[in-house]
Amino acid sequence: IQNTLFINIAISLLITVIVGLVAYLTVRNYQNRLEELASRDKLTGSFNRQVFDMLFDQATKTAKRQKTPLSVMCFDLDGFKSINDTYGHPGGDAVLREVLMSVRTSVRESDLICRWGGDEFFIVLPNCNQENARLVAEKMRLQIEESLLMVDDLRLGVTASFGIAEYIGQESPTELFNRTDKALYRAKSRSRNQVEGSGSE
């Protein structure tokens with residue numbers, strides 16, 4: 001009787017541990033999914049602006065500590081408003097998803113993609129100087145230009161303009177983003193579909 005009692009207690013404890021473990025893993029998985037949804041743009045899967053500041057701060061601190069370069073890239077689609085006007089927001093959303101799928105083939109796991117708003121995106125490139133960032137941007141530009149995006153069974157010719165800048169030690173994120181944005185503005189004003197770096201004449 002005593003042995004049977006001990007066996008039953010052991011079985012009960014084992015079942016309790018298994019149930020508790022399953023409950024813990026379920027709750028943790030649910031919590032991770034909520035955190036992922038809160039930090040990601042629903043349409044493109046890229047990071048949103050709310051979490052980007054924290055990730056960028058971590059990237060700059062790592063670059064300073066390891067004394068490695070860090071570059072930022074900003075791009076948007078040329079004439080995106082006309083796509084939305086012609087095909088509606090569903091058509092525009094389809095184009096954005098396709099473009100981001102193409103862009104992701106050119107970035108590393110360590111690179112951070114953020115949807116800044118509308119069709120504008122920021123990409124942080126750790127351990128990458130401006131010269132190499134230009135090469136990455138040019139590769140992305142060509143991929144977007146050569147891709148055949150389908151909307152309502154029609155092939156669209158989509159292009160993008162890029163601005164890039166390398167992080168300078170003590171500058172604030174706002175200063176870096178402003179330099180990158182000015183480079184993007186130059187690319188847009190010079191017939192679009194090109195890459196401009198910070199400091200370009």
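Helices are DSSP runs of H or I with at least four residues, numbered from the N terminus. The model described here is predicted, so local features need pLDDT of at least 70 and side-chain atom pairs count only at pLDDT 80 or more, while totals for chains, interfaces and linings use all residues. Residues are numbered from 1 along each chain as its sequence is written, and side-chain values use heavy atoms, with hydrogens and water left out.

**Aromatic pairs**

- The structure holds 10 aromatic pairs, a pair being rings of Phe, Tyr or Trp (its six-membered ring) with centres within 6.5 Å; planes under 30 degrees apart count as stacked, over 60 as edge-to-face and the rest as tilted.
- Phe52 and Phe56 form a stacked pair, because their ring centres are 6.2 Å apart and their planes lie at 25°.
- These two residues, Phe52 and Phe56, are 4 residues apart in helix H2 (residues 49-66), so about one helical turn separates them.
- Both Phe52 and Phe56 are buried, which means under 20% relative accessible area (1.4 Å probe, protein chains only).
- Trp116 and Phe122 make an edge-to-face pair, because their ring centres are 4.7 Å apart and their planes lie at 65°.
- Trp116 and Phe122 are both buried.
- Ring pairs join Phe52, Phe56, Trp116, Phe122, Tyr167 and Phe177 into a cluster.

**Helix H3**

- Helix H3 (residues 80-104) has 25 residues, yet its end C-alpha atoms are only 20 Å apart, short of the 36 Å that a straight helix would reach at 1.5 Å a residue.
- That expected span is 1.5 Å times one less than the number of residues.
- H3 has a kink of about 125° at Gly88, shortly before the proline Pro90; the bend is the angle between axes fitted to the seven residues ending there and the seven starting there.
- Buried residues in H3 include Phe80, Ile83, Val95 and Leu96.

Technical notes:
Buried means under 20% relative accessible area, exposed over 50%, partly exposed in between (1.4 Å probe, protein chains only).
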